[in-house]
Amino acid sequence: MERIDLRALMDEVGHAIEEAAEHLEKTRNQEFVGTAADELVTARVGEHGLQVEIHILAKRRLERDELADAVVEAVREAERQAADTTFELSIERRAKSDTTDAFYREFSKAMAEMRSRVRM
Amino acid sequence: MSDIMDALAGLSEKAKEGNTVDDLKDAVGRLQDQFQGWNDGLAAIRSRSYEGTAADEQVVAEVDGRGALMRLEIGPYAMRDLDASGLAQACTEAIIAARTTLSEAMLDHVATVSGEPVDLTTPVETDPRQLWRNLKETLRWNG
């Protein structure tokens, strides 16, 4: 059985948590905007959650099902942008490049599985 | 007590009684079946869609089992009676209501593990850095 350097492992985990928490703090205040119907319908996703905006011209020009579709399109775009800002931890980059280390191999697999399950 | 807690308690009893490995295998098997059942329940929740409404049910939003917006319906009275700003607010509320319905289904399912409702009122530590420090302290890790 391969020996595990527990101290190094604990340090790695601690650094990864610091890194992820700092990234979260940086992006927490970001706002993501999606638009539709020539920017007459807007969806904003940010610190205060989701907010839909409908311009008076959108309400005049569009039928109600067109308007509803435009809202869905704008919301999906804003949320797609928000989801796309995941970033890679340094430990993930190291694990991808060091395929000889058993811990890194298992870690890479576990992270890939978790990312695919968590993403919307 | 929930089925999962029952199975866990059963396994714990067997272990304490100094049972054979075969007896423990049965108890572990029962616990695994319960967890599998719970996972199946979670998959069922995620495979469904959930609705939320606003403006006297004139605006209806539907999200999938992960909360992604699938569909929005704006009723004729909402279109007639609400101004653009009011309509936008109703759309936002309907989407949030749909996602709330989903999260209530999730919370109900999580509660089946303990057999008790999930406590959302007790404040918990949310900073992962502090959680990590707390964990190291619990483990008496001086590294």
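A polar contact is a pair of N or O atoms within 3.5 Å; within protein, one must be able to donate a hydrogen and the other to accept it, and residues adjacent in sequence count only if both atoms are side-chain atoms. The model is predicted, with local features needing pLDDT of at least 70 and side-chain atom pairs pLDDT 80 or more, while totals for chains, interfaces and linings use all residues. Residues are numbered from 1 along each chain as its sequence is written, chains are lettered from A in the order written, and side-chain values use heavy atoms, without hydrogens and water.

Between chain B and chain A, nine residue pairs are in polar contact, both residues at pLDDT 80 or more. Four elements of chain B each supply at least two residues to the side touching chain A: β3 (69-74), α3 (76-81), α4 (84-114) and α5 (128-138). Helices (H or I, at least four residues) and strands (E, at least two) are DSSP runs, numbered from the N terminus. The largest share, eight residues, comes from α4(B).

Two salt bridges link the chains (side-chain nitrogen of Lys or Arg within 4 Å of a carboxyl oxygen of Asp or Glu). One joins the side chains of Glu25(A) and Arg129(B), at 2.7 Å from N to O.

In chain A, strands β1 (residues 32-36) and β2 (residues 41-46) pair antiparallel over five bridges (pairing requires at least two DSSP bridges). Ala36(A) stands opposite Val41(A) in β2(A). Four residues lie between the strands of this hairpin, where Ala37(A) takes a positive phi near 50°.

Key:
Buried < 20%, exposed > 50% of the residue type's maximum accessible area, 1.4 Å probe, protein only.
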